[in-house]
Amino acid sequence: MKSLPAIFLCLFAFGVVIHAQDVTSLGKIGPVVSFAKSEDGVTLNCQDKSQVRLTVLAADLIRVRASFTKPIPAKDHSWAIAKESWETPPWRLSETAESIMIFTAEVEVVVHRSPLLIDFRDARTHVVINADEQPMAYDAKGALAAMMFDPKAGMFIAAAKKLGFDEHFYGLGEKATQLDKRRGRFVNWNSDTPGYTEGKDPIYQTIPFYLGLQRGRAYGIFFDNSYRSYFDFGHASQQRAWFGAEGGELNYYFFCGPSIKKILNRYADLTGHMPMPPMWALGNQQSRWSYYPDTMVEEVVRQYRERDLPLDVIHLDIDYMQDYRVFTFDPKRFPNPKGLADKLGKQGVKIVAIVDPGVKYQLPSKNTRPINGARPELEPQDQRYYVFDEGREKNYFQHRKNGDLFIPKVWPGDSVFVDYTLPEARRWWGDLHRAYLDNGVAGIWNDMNEPSDFVDQTGKNQMDVVSYDEGENSTHAKNRNVFALLEARATYEGLERLRPNKRPYVITRAAYAGIQRYSTMWTGDTNSTWDALALNVPMFTTLGLSGEPFVGSDVGGFIGRGNGELLVRAYQISFLAPFCRNHKVIDGYDQEPWRFGKFYEDIIRKYLKLRYELLPFLYTTLEEAHRTGVPLFRPLMLNYQDDPNTYNLDDEFMIGDDLLVAPIVKPDVTARLVYLPKGVWYDYWTNKKYLGGTMIRLDAPLDTVPMFVRAGAIIPLGPQMNYLGERPFDRMTFAIYPDDSGSASTTLYEDDGISPAYQQGAFRRTALEVKRAAGGYVVSVRAPVGHYNPGTRKFSFVIKSAGPNPKVATIADDGRARTVEIK
Ligand code: GLC
């Protein structure tokens, strides 16, 4: 029988105690005995032989790097960082007997020498924004090592910050919990967690970036450490918020706000801006584990078209392959994938194929049949599998420390994983995607990349797997959380090389910070339940606040029994999410939009059609996310940072600055309270005006999701269509919602939607302004910026305040500045 001490020992061994462990008991860095100034910052030398370097990257961005009991190593590498060299802004240093201070135009960093404590203050007000609660800490005596997941990985390190009485916390990427993370504690260790429910942690992704907000003023911290990491926002103690990791460096970036949008902009500069995906990625998508054979795929598309339901993308899940061998097609189920892609292409539908990291472990059998080198993906692979052969020959697969190939079990059974830290292996993997592009596949879906291993999902079975890691030959403890980032990078760069004239489209399940440079994401294997649906909003908005703008989840939920009402309410959120894809587990209930009958199908059609009409608005807002790092799908607090009513509002969201949505996330509910921030709002469906700064009660029968437009906004709408390219954007309607002074404005963004030419200025930005004038309104269409030319088209302007007979004016737009009267 198990004894109590043995049970405790077990808990220790699984790292449970680290959550609750007291960071105050760790060894402390410092005090400072001397320092050296360099061109971009200072290096502090400590009595305990530790070193701390503070680097001024920008007036609002300071890097803190600490090395305990030894000098900071010369090697400095992170897979997350996109921008490594910064132009040092003006800054100055001053010192007193007690402290060393760095001043930039925006932030003052005060380093107290003894004990070594760092404060960040606002340069204008000198108010402390964020301050160490204790010196940076490390497991000096090795006391924690025994409790760590992998004691051999390194030393536990942590930083603790004073917790504000009214401080709110946001970010950390994909977390199955509420918007405001105060009082929460979190672990980052990419994990395959099907059917996760609220509170499950960790799940698939690691984004160790968070925002703190107090009295309307925000700061950001990016703890760039890929080891298993911990964040505690006042859970263990109301004294402090702390973060730590089971190895690596105490290396973090401090972002000075006070505006969250500004911080997100800087975070995107540091870790990379999301490139524009192809516009069709904003189209409606349909998936199932799995549609096969090819005729089944055709039938699903036929149903969509026959039922007048918009669709741009259909997904091929794992059963398109030969026994789950990636980069192959099953010759019986998909004998002519290119032919299928062409047929679907004629109906405006593109194929996205799943690609898992597990490569089937398959030694060539005796008397192997040669594989046709030109078209290996279409050849039978039962005697030899070209991907395994090539990867093994080139030595690109992961090995254990003792030199054995690492053989996890995934869908194909025994498998191997690529060491994506090897540049030539990434290139090889990327080039393998020719097998998909040659066969008409338009985008790639990277799944199972935590990486999932059926032998052991905790990662223990992988602990002695070594990766090249820039010559460091480091182990899984450091590399697990970046595995998906590097796989997505290999995929993205491969697609870019193979098809330089088209924007890559990649979807991933797992991630590390920086993933937005390579991939869009979805929230994995959710449940078909109301609780899971309610998590959509805080999860999408949190991902947006963590640098991942292109998000979505399986519409209707992945696991379990859905129903028409749940599916409709799910579409009433996802029709505005960047990634809108209905997907379902293999043995689940069918869930395509028509599966619960015409009543529900008709409502879903209404929302999918509306999504397509809103594409110019969504695309304009997506481009803002690309350019500024500010996401499309936003929590209200991002737009109303000074309004505490929005700080934990997680059943409403906004698209850009202008559209507010209050979805229904409970069954049998047909009315709800909606909080509208200060200002005037128009009900999207009735144009009725509401004064914000209060809650209102609204009816929300099943066919209606409460939706509001901010007064002062102009929403650009396109023509009705069932897929992108069905018709040109030859008619744009600008829905104008004047504010109290009669004004409204917007800037429409357009480009060719498919090529990377927008990066060279091939876009068009058209600013519009509306003012009240005698007897009506005047619209000023400014001269467009950028050299993309969409040709002549009709612009209609509709004043939405005007009751049943709105004022309308229509012109032919030929790209010249002009004013238009609306009487
Ligand atoms: C994983 C994915 C899911 C997919 C399934 C089969 O569970 O998250 O979306 O359908 O694998 O490939």
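Biologist: What makes E28 and E29 a pair?

Modeller: Two strands pair if DSSP finds at least two bridges between them. E28 (residues 465-467) and E29 are joined antiparallel over two bridges, so they count as paired. One of the contacts behind this sets Val-466 against its bridge partner Thr-475 in E29. As for the names, helices (H or I, at least four residues) and strands (E, at least two) are DSSP runs, numbered from the N terminus. This is a predicted model, where local features need pLDDT of at least 70 and side-chain atom pairs count only at pLDDT 80 or more, while totals for chains, interfaces and linings use all residues. Residues are numbered from 1 along each chain as its sequence is written, and side-chain values use heavy atoms, with hydrogens and water left out.

Biologist: Which sheet do those strands belong to, and why are E24 and E29 said to stand at its edges?

Modeller: The order is E24-E28-E29, an open sheet of three strands with antiparallel pairing. Strand E24 (399-400) and E29 each have a single partner strand, so one side of each is left without a neighbour in the sheet.

Biologist: Which strands are the edges of the open sheet of eight strands?

Modeller: That sheet runs E2-E3-E4-E5-E19-E16-E15-E12, again with antiparallel pairing. Its edge strands are E2 (32-38) and E12 (168-171), as each pairs on one side only. On average, neighbouring strands here are turned by 20° against each other, direction ignored; the axes are lines fitted to C-alpha atoms, for helices over the stretch in contact, and angles run from 0 to 180 degrees between N-to-C directions. At the E2 end, six bridges join E2 to the antiparallel E3 (residues 41-46), and Phe-35 has Leu-44 in E3 as its bridge partner.

Biologist: What makes a space a pocket rather than a cavity?

Modeller: Both are found on a 1 Å grid over the protein atoms alone: a cavity is a set of points where a 1.4 Å probe fits but cannot get out, and a pocket is an open set with protein on both sides within 12 Å along at least five of seven lines. Grid points are joined across faces, edges and corners, and a volume is the space filled by probe spheres set on the points. The largest pocket holds about 1,000 Å³.

Biologist: How do you know which residues line the largest pocket?

Modeller: Lining residues have an atom within 4 Å of a point, and 43 residues line this pocket. Nearest its centre lie Tyr-227, Gly-248, Glu-249, Glu-472 and Lys-478. Strands E5 (61-67), E19 (250-256) and E29 (474-475) each supply at least two lining residues, with E5 giving the most, four.

Biologist: Why is Phe-388 called buried?

Modeller: Buried means under 20% relative accessible area, exposed over 50%, partly exposed in between (1.4 Å probe, protein chains only). Phe-388 has a relative accessible area of 0%, so it is buried. This residue lies in helix H6.

Biologist: Is Met-148 buried or exposed, and why?

Modeller: Met-148 has 2% relative accessibility, so it counts as buried. Its place is in the loop between strands E10 (128-138) and E11 (157-162). The C-alpha atoms of Met-148 and Arg-228, 80 residues apart along the chain, are separated by 9.5 Å.

Biologist: What covers the buried residues of H7?

Modeller: The cover includes E22 (350-355), E23 (359-360), H6 (386-394), H8 (434-437) and H10 (483-498). Among the buried residues of H7 (residues 423-432) are Trp-428 and Trp-429.

Biologist: Which strands form a hairpin with Gly-775 in the turn?

Modeller: E46 and E47 do, with two residues between them, and Gly-775 has a positive phi of about 75°. Six bridges join the antiparallel E46 and E47 (residues 776-781), and Glu-769 has Ser-780 as its bridge partner in E47.

Note on methods
Contact means heavy atoms within 4.5 Å.
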